[in-house]
Amino acid sequence: MSKERIILLDAIRQKCLDCSAYSYAEVENCEFWSCPLYPFRKSRKNNKIKGASRTALLRAIRKKCLDCCLGSAEEVRNCPVKNCPLYDFRFGKFSQ
């Protein structure tokens, strides 16, 4: 597994934990199937999704950021939540 993919999966996992008040059980039993991050919510070692390429992960993150900002790319660009685990990847690019 590439280092970039690991970093992206870890960021997604952290966002899912944040969303579920840091309850691992809530993340595991998440019922928000429409969330773009849903398929990638499990920890890296339990995430055996084939086709979860770096590009697919970045697209899911971008879509989640747009969902969070009610579809406004301008709001994503001006996002003030710098402590969000997805913040560095909100443009759908790996920039680390």
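1. A21 sits in the loop between α1 and α2. The model is a predicted one, where local features need pLDDT of at least 70, side-chain atom pairs count only at pLDDT 80 or more, and totals for chains, interfaces and linings use all residues. Residues are numbered from 1 along each chain as its sequence is written, and side-chain values use heavy atoms, with hydrogens and water left out. Helices and strands are DSSP runs numbered from the N terminus (helices: H or I, at least four residues; strands: E, at least two).

2. **Two positive phi angles.** A21 has a phi near 60°, a positive value in a residue other than glycine. This residue comes just after α1. Y22 lies in the loop between α1 and α2. Its phi, too, is positive and near 60°, and Y22 is not glycine. How accessible is A21? A21 counts as exposed, at 66% relative accessibility. Y22 is partly exposed, with a relative accessible area of 48%. The cut-offs are these: buried is under 20% relative accessible area, exposed is over 50%, and partly exposed is in between (1.4 Å probe, protein chains only).

3. **Overall make-up.** The protein has 4 helices and 0 strands. From the N terminus, the order of elements is α-α-α-α. Of the 96 residues in the protein, 36% are buried. Now look at contacts (heavy atoms within 4.5 Å). Take those between residues at least 6 apart in sequence: 55% of them join residues at least 24 apart.

4. **Helix α1.** This helix covers residues 3-19, which is 17 residues. From first C-alpha to last it reaches 24 Å, close to the 24 Å expected at 1.5 Å a residue. The expected span is 1.5 Å times one less than the number of residues. Which residues of α1 are buried? They are R5, L8, L9, A11, I12, R13, K15, C16 and L17. The cover over these buried residues includes α2 (24-28) and α3 (54-68).

5. **The largest pocket.** Its space is about 250 Å³. Of the 15 lining residues, C16, C19, S20, C30 and F32 are the closest to the centre. The elements giving two or more residues to the lining are α1 and α2. Which element gives the most? That is α1, with 3 residues. By class, the lining has 8 nonpolar, 2 polar and 5 charged residues. Here Ala, Val, Leu, Ile, Met, Phe, Trp, Tyr, Cys and Pro count as nonpolar, Asp, Glu, Lys and Arg as charged, and the others, Gly among them, as polar.

6. **How the pocket is defined.** On a 1 Å grid over the protein atoms alone, a pocket is an open set of points where a 1.4 Å probe fits, with protein on both sides within 12 Å along at least five of seven lines. Lining residues have an atom within 4 Å of a point. The volume is the space filled by probe spheres set on the points, which are joined across faces, edges and corners.

7. **Cysteines.** How many disulfides does the structure hold? It holds 0 (a disulfide is a pair of cysteine sulfur atoms within 2.5 Å). C79 is in no disulfide, and the nearest cysteine sulfur, that of C69, is 5.4 Å away. C84 is in no disulfide either; the nearest cysteine sulfur belongs to C65, 6.0 Å away. Are these two cysteines buried or exposed? C79 is buried, with a relative accessible area of 18%. C84 also counts as buried, at 17% relative accessibility.
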